[in-house]
Amino acid sequence: MNKVFDATSMTDLDEGVLDRGAFVSEEIYRQELQTVFTRAWLFVGHESQIPNPGDFFSSRMGEESVILVRDKASVIHVFLNSCRHRGMKVCRYDQGNTSLFTCPYHAWTYATDGKVRGIPQYKELYDGVLDREKWSLIEVPKMVNYKGTIWASWDENAPDFETYLGEAKLHLDQALDCRDGRPGGSEVIGVHKWVFPSNWKFAAENFLGDSYHNPSHRSVDLIGIGPSARQGIKGRRDNELEMAKHVWIGFAAGHGVHSAVQAMGAEYVSQFANDPEIEAYFRHCHEERNQRLGDDARLLPFTGTIFPNTSYHGRQPRNLCVWHPHSPTETEGWRFFFVDADAPTKVKDFLRRFYMRYSGPAGMTEQDDMENWLYATKASTGTIARRYAFNYQLARDQAHLDPEVNGLTVRGRVNTKMTEHMARGYYRRWKAYLDCADWDELLGRNDPRFAATKKGSPQ
Amino acid sequence: MDIKEHTPTIIRDDAYFRLRQEVEEFFYDEAAMLDERRFDEWLDLMHDDIVYFMPMRRNVKFGMHQDREDTLLEEGMSWFNEDKWTLEKRVEQIMTGVHYAEEPLSRVSHLVTNVQVTSAFPDAANATEINTSCRFYIYQNRVEHEHYSFVGRRYDTLVRDGGRMQVRHRRIILDQNVLLAKCLTAFF
């Protein structure tokens with residue numbers, strides 16, 4: 001493959017500058033589709049969306065439509081949503097239950113395990129020529145059900161998902177695990193889908209831990225929309241991390257998170273004050289979690305991005321969001337909202353209402369993010385604008401490997417101040433994908449910044 | 001309370017047309033308040049117990065539309081599932097002057113049409129509760145080149161107390177699946 005994106009003086013991530021072409025160039029975008037979205041692990045959906053045999057959910061990987069389906073034997077598959085004959089989508093429903101995917105074009109049908117079931121007039125027209133076994137729906141070579149979340153990669157040589165996550169796993173877990181510390185146990189209560197005219201990486205980068213963009217959210221912080229706002233508490237969420245040490249962490253494979261470590265013996269910060277019953281529920285979860293996880297319970301999530309395009313909000317609100325690329329300057333956001341499956345209905349209702357006023361295109365907080373991403377993209381497309389790189393020097397050369405924070409060892413490259421080192425690391429890895437590097441390189445195994453991590457663990 | 005769409009059975013006599021005219025005037029006044037950014041006045045038209053709901057709409061197999069096409073009120077995620085407090089918050093946010101998705105303010109026009117009264121209680125002449133249906137076209141233009149069209153149906157329950165009419169329940173059916181807009185900052 002031709003390299004169309006070369007490191008020039010415009011891109012020097014050690015210096016902390018990145019060519020704007022990364023966000024607006026058609027050539028780089030085509031290369032991303034070919035080198036990033038064909039190899040990296042991508043989030044596809046959640047098992048709670050397909051609880052029964054025959055249940056399916058239409059999803060996406062990069063620009064392309066895929067079907068997440070539970071077959072008649074209850075095995076989960078991810079298929080390319082395209083008939084093997086002439087490519088027509090075999091499923092144009094958002095979700096449902098079926099025993100067959102029927103192509104409307106020439107009526108080829110496929111069973112829920114992807115195998116060809118019927119080809120019209122097969123005996124007269126194809127017998128002895130077409131081998132049905134070879135014309136199943138295209139299935140992803142790599143798929144995993146990780147704590148109920150389904151991820152897939154088109155690269156059969158991709159490392160297994162947990163290796164891919166590396167030390168970021170601990171942080172993703174905080175979003176996926178029950179509020180009382182039991183592993184997994186989440187369910188999806190709805191998916192927002194919307195398009196916005198921005199490069200997909202603005203959104204991904206935002207969740208890597210760009211806490212520096214806080215001024216964008218001044219309006220919601222001023223008026224108060226959080227789970228305690230009806231009691232006059234300002235801010236867009238409860239500030240449970242008020243007394244915690246915040247940590248901004250970059251990981252070898254390009255993931256980045258913003259989490260926090262509570263001090264030892266820290267007092268519980270009251271939350272969810274809008275409703276005493278909800279307040280009591282979460283206080284109980286907090287105590288259970290402390291019991292269950294011990295000292296590790298002091299680590300709490302805020303946001304993160306799993307390379308390349310899956311971001312999470314870990315607590316308030318709680319969701320995974322996938323930034324599907326449409327073009328260099330257009331993105332489709334799919335946000336999957338999470339609650340504990342066994343939480344009381346009243347708790348789920350409370351959270352749902354908070355999520356709706358916070359997140360996505362109707363959310364009072366994220367509307368202001370999208371305004372930034374749109375006009376940052378738009379104002380970077382110009383010939384003159386593209387002569388000037390973006391600045392990524394925030395807190396450069398200040399991160400430390402595997403430090404102790406509040407007495408807890410935090411794995412990865414960590415800063416306790418706002419920083420852009422996660423973004424610098426993300427784009428180093430992104431460039432390696434564009435350069436068609438091998439998996440050692442993509443996982444950052446050759447990156448000296450993570451050398452001690454490499455020694456200390458299988459990473 | 002969730003009003004299902006159906007062909008109105010109300011008798012279209014003089015009392016009906018008088019009531020419909022009153023409803024139309026109410027909707028036009030409301031649209032003017034929004035388009036002229038008189039948000040506080042608009043909030044006064046919203047009943048203290050308002051349910052303001054916009055479902056997400058899914059592509060479902062034929063025969064499943066009634067049950068599965070729209071997300072449900074108070075069940076799972078939707079676009080809006082608001083009460084008076086959140087509507088007040090949305091107005092309050094715009095009035096901070098630093099809600100960047102509405103700063104500078106968008107230019108918005110609400111076109112309300114196909115207005116019908118579907119039922120009135122106790123009757124059209126003395127109605128204190130009026131169920132209505134209409135179509136909306138909301139045009140939003142923002143900054144320079146950004147523009148969005150929101151088209152769909154609205155099912156409102158209006159309550160009248162003396163001379164005062166208010167919206168008690170609003171179900172907004174937007175004709176989109178993937179939302180073709182970066183934000184829903186406009187009121188519907």
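These legends describe views of a predicted model. Local features need pLDDT of at least 70 and side-chain atom pairs pLDDT 80 or more, while totals for chains, interfaces and linings use all residues. Residues are numbered from 1 along each chain as its sequence is written, and chains are lettered from A in the order in which they are written.

**View 1. Overall fold of chain A.** Chain A holds 13 helices and 23 strands, counted as DSSP runs (helices H or I, at least four residues; strands E, at least two) and numbered from the N terminus. Its C-alpha atoms fill a box of roughly 75 × 55 × 45 Å along the principal axes. The radius of gyration is 23 Å, which agrees with the value near 23 Å for a compact globule of 459 residues; it is taken over C-alpha atoms, and the globule rule is 2.2 Å times the number of residues to the power 0.38.

**View 2. Helix H5 of chain A.** H5(A) spans residues 169-176, and six of its eight residues are buried (under 20% relative accessible area, 1.4 Å probe, protein chains only). The buried residues are His171(A), Leu172(A), Asp173(A), Gln174(A), Ala175(A) and Leu176(A). Over chain A, 61% of the 459 residues count as buried.

**View 3. Interface of chains A and B.** The contact (heavy atoms within 4.5 Å) takes 42 residues from chain A and 41 residues from chain B. About 3600 Å² is buried between the two chains, 57% of it on carbon and sulfur atoms; buried area is the accessible area (1.4 Å probe) lost on putting two parts together, summed over both. In chain B, Met77(B), Trp85(B) and Lys182(B) lose the most area to chain A, together 21% of what that side buries.

How values were computed: Side-chain values use heavy atoms; hydrogens and water are left out. Buried means under 20% relative accessible area, exposed over 50%, partly exposed in between (1.4 Å probe, protein chains only).
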